[in-house]
Structure formats: structure tokens, C-alpha cells
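Take a look at the model below. Turn it around before reading on.

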Amino acid sequence: MWRPVCRIRLVSIYIRILLFVSVCNRVKNYIFVVENRYRTKQLTKKCFMKECPECREQIKGRSDKKFCSDLCRNSFNNKLNSDTTNHVRNINNILRKNRRILEDFIPEQTAKSTKTKLTQKGFNFQYYTNAYTTKKGVTYFFCYEYGYLPLENDFYFLVKRKEYTEQ
Ligand SMILES: [Zn+2]
């Protein structure tokens, strides 16, 4: 009597084991698929993720976004603009100062002075608006309408011109 019952129990246990193994396999496969999907997602994210040039944070959202936020875009552009503006302003200030110094040194149309005197007033010989070479091959340097010509022994010939734009 006990044999058939035992066989049925055995078969039932066997079926249960089979079911359990198949469920386990399914779960394993599902975990594998989910894991893979996650990994590819992370990889593509890494590949396409851009850095914000202002704060160095990863940019989230649209792939054509250049900055992480409007704040970062504005401060980045402001910095860029202020650098160029500062540079231009500094040079403009030097040229204006040069012009003012020459204006003080030239009461009429022409004058004569020395490099030492001009430098003492803060004249910067590195900057001028234009150079003009005469037919004799002498080169005048101009700061707007005021020009100077280096002479011998530290001396400078200074001149004011009515038309100071050269074609
Ligand atoms: Zn940013």
C-alpha cells in the first residue's frame, strides 16, 4: 500500500522542484535583463553627458543644452564679455591719457619736450592710435590728433594736427 502513495508523493515533490527551478530561472533571467538595461542606460548617459563650462556639473535634460542653468550661462557670458571689455577699456584709457598729456605739452601747433618729462607725466610710448611716415622717411606717432616725433638726445617734437585721420 505504501509504495504507490510514496511514488505519488515523490512525483509531486519532483514536479514542485521542477516548478521551483523554472521560477528561479525566470527570476534570474529577469534580473539579468533588468541589470543589462540599467547598465546600457548608465553607459549612454556617461557618453552623452556634458559638463557645464561654468560650474563643471553634469548637464541634465536636453542634449543640446550647453549650460546647466540660465544662471551659469549668464555668469559665463558676463565673464567673457567683461574680460574683453576690460582689455579694450584699459587701452582706451592709456590712449586718452597720452592724448591729454600731449595736449598739455602743446600750447599752440607745435612744441618740443623730452622723453623724461613725458614719462614723468605718465606717458606710455607703447600705445598710439596711428603712425605717419613722411616723404623724407620720418615717422610721427599719433594719439588721435596729437603726434610726437623722436629727435636726438631724448628730445621729442610734438605736433597738433587738424586732420588726424590718415587714409
Ligand atoms: Zn552650471
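This report covers the domains, a helix, a sheet and a core.

The model is predicted: local features need pLDDT of at least 70, side-chain atom pairs count only at pLDDT 80 or more, and totals for chains, interfaces and linings use all residues. Residues are numbered from 1 along each chain as its sequence is written.

**Domains.** The domain assignment, which is automatic or from a database, gives domain 1 (2–48) and domain 2 (83–160). Their centres, taken over C-alpha atoms, lie 89 Å apart.

**Helix 2.** Helices (H or I, at least four residues) and strands (E, at least two) are DSSP runs, numbered from the N terminus. Helix 2 covers residues 70–105, which is 36 residues. The expected span of a helix is 1.5 Å times one less than its number of residues. For helix 2 that gives 52 Å, and its end C-alpha atoms are 52 Å apart, so the two agree.

Helix 2 is hardly covered, with 3 buried residues among its 36. A residue is buried if 20 or more other C-beta atoms, placed from the backbone, lie within 10 Å of its own. The buried residues of helix 2 are Asn 98, Ile 101 and Leu 102. Their cover includes helix 3 (115–120), strand 3 (139–143), strand 4 (146–150) and strand 5 (155–160).

Five strands form an open antiparallel sheet in the order 1-5-4-3-2. Strand 1 (110–114) and strand 2 (130–133) are at the edges; each has a single partner strand, so one side of each lacks a neighbour in the sheet. The twist averages 30° from one strand to the next. Two strands pair if DSSP finds at least two bridges between them.

| Strand 2 and strand 3 | 4 bridges | Tyr 132 with Tyr 140 |

Strand 2 and strand 3 form a hairpin with 5 residues between them, and Gly 137 in the turn has a positive phi of about 90°. The hairpin of strand 3 and strand 4 has 2 residues between the strands; there, Tyr 144 takes a positive phi near 60°.

**The core.** A nonpolar core is a set of buried Ala, Val, Leu, Ile, Met, Phe, Trp, Tyr and Cys residues joined through C-beta atoms within 7 Å. The largest one has 10 residues, among them Ile 101, Leu 118, Phe 142 and Tyr 156. Helix 2, strand 3, strand 4 and strand 5 each supply at least two of its residues.

Note on methods
Buried ≥ 20, exposed ≤ 12 C-beta atoms within 10 Å, placed from the backbone. Contact = placed C-beta atoms within 7 Å. Axes fitted to C-alpha atoms, helices over the stretch in contact; angles between N-to-C directions.
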